[in-house]
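Have a look and see whether you read them as I do.

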Amino acid sequence: MPVEDINTRAWKIYGQRQLARSYTPPIPDRMSWTPWEGIGPGAEILGDITGRRVLDIGSGAGHHAVHLARTHGARVTGIELSPTQHERATSTHADIPGVEFTQGDVAEYLAEVEPFDAAYAIGTLAFIDPHRALPALRDGLRPGAPLILSLLHTDLNGLGPSTQVTPREQMILLRDDPPLATQMWVLAPQLWEDLLTEYGFRVETINLLHHPDESAAVIQQLVRARRLPDRPAMVSSRPRSSRPPVPHAAVGVGAILVSKQGLLLGRHKRGTLELPGGTVEAGESFDAAVVRELGEETGLTTHTSAVTLLGTLVDHVEGVLRVTVGALVHAWHGQPTTQPNESVGDWDWYPLDQLPDGLFVCSAQILTAWQPDLPIDHTPAQFTPYAVGDGAPHSLRKRTRPPA
């Protein structure tokens with residue numbers, strides 16, 4: 001049976017069971033993006049939706065749509081594939097001003113209506129192939145419209161997200177009824193960001209929301225994206241020559257991680273102490289390179305939303321232009337460990353006021369670009385900051401450690 005047919009059947013049965021119980025969820029006082037009350041933001045992340053057309057994807061019993069209409073003055077359309085879930089909504093909320101409920105497939109529905117001013121899905125988009133849902137949503141939203149998605153990060157069994165666009169089996173549980181098998185796309189944050197970017201959205205934030213019980217393994221993702229403007233007609237460009245260039249530059253990144261124990265440094269096989277980092281790969285953004293290199297070298301995981309790019313360092317070594325982008329990583333998961341087949345290992349934390357001798361010059365340059373008062377000696381480099389300010393480049397002159 002096709003994946004989406006499996007999910008359609010499961011949610012039809014789920015709705016039948018809830019109808020048999022005459023259960024209707026109460027209208028919430030505050031928008032909740034997780035099953036856990038009080039965790040995460042409210043409706044404010046949708047922006048000002050007063051009088052605006054908002055799409056509730058997989059609206060279920062309709063209680064979220066009613067909340068947005070009553071409390072925030074939105075004009076909400078709930079689109080629901082399951083006929084029994086749709087019946088739950090219409091049997092209770094059919095006459096609510098500012099709310100309408102439609103039964104059908106979201107991709108087919110969006111192809112026939114005027115674009116919406118905002119859209120959201122609480123858990124439901126994980127039951128639709130993103131390669132079908134996301135292009136439909138792009139065409140069904142106005143340029144600049146927000147798209148808010150609440151999705152599983154770890155699945156219902158505590159298993160972490162997938163790095164491939166493939167569904168996995170999950171069970172819907174309802175009291176003492178037999179479990180219902182579904183297929184869900186439980187994807188890693190970076191993969192969701194890549195998919196949304198591919199289909200014309202800009203991802204603004206991806207936050208992980210944890211269960212209030214710290215022992216619980218289930219984690220939710222809250223993705224805030226925005227539909228990009230339509231692209232103008234493309235301007236032609238001349239392709240590069242097929243003749244390979246003479247090697248003349250090297251581009252890399254270096255990551256600063258500071259914990260309560262201090263600054264994270266690893267020891268290179270040549271003996272120098274270094275920040276995590278390495279060479280930027282073709283077609284890779286600087287922040288994505290930081291995330292990848294951090295994982296490859298230390299085993300730590302993070303996301304581009306937790307990376308702040310500090311600026312560009314430029315120097316020359318034996319005729320080769322060296323371009324390095326320093327970055328500050330604000331949050332990560334795991335413990336740093338030596339990784340197989342990596343040149344840098346033996347990761348440890350060093351207090352900033354007790355930094356060791358023998359730092360790799362590139363790491364030294366990044367650190368003094370971040371905190372110019374650090375007493376680190378290194379060769380000069382040109383630094384252009386990305387941070388708020390006048391943006392004017394300045395030179396990192398050779399620094400001499402003060403006498404003990």
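1. Start with Trp11 and Tyr14: both sit in helix 1 (residues 3-21), three residues apart, or about one turn of the helix. Helices here are DSSP runs of H or I with at least four residues, strands are E runs of at least two, and both are numbered from the N terminus. Bear in mind that this is a predicted model, where local features need pLDDT of at least 70, side-chain atom pairs count only at pLDDT 80 or more, and totals for chains, interfaces and linings use all residues. Residues are numbered from 1 along each chain as its sequence is written, and side-chain values use heavy atoms, with hydrogens and water left out.

2. The whole structure has five aromatic pairs. In one of them, the ring centres of Trp11 and Tyr14 are 5.0 Å apart with planes at 75°, so this pair is edge-to-face. (Rings of Phe, Tyr and Trp, the last by its six-membered ring, pair if their centres lie within 6.5 Å; planes under 30 degrees apart are stacked, over 60 edge-to-face, the rest tilted.) Ring pairs also link Trp11, Tyr14 and Phe127 into a cluster.

3. How accessible are these two? Trp11 is partly exposed at 23% relative accessibility, while Tyr14 is buried at 15%. (Buried is under 20% relative accessible area, exposed over 50%, partly exposed in between, with a 1.4 Å probe and protein chains only.)

4. Tyr109 and Phe116 make a tilted pair, with ring centres 6.4 Å apart and planes at 40°. Tyr109 is buried at 14% relative accessibility, and Phe116 is buried at 0%.

5. Phe116 also has a charge over its face: Arg53, at 4.1 Å from the ring centre. (That takes NZ of Lys or CZ of Arg within 6 Å of the ring centre and within 35 degrees of the ring normal.)
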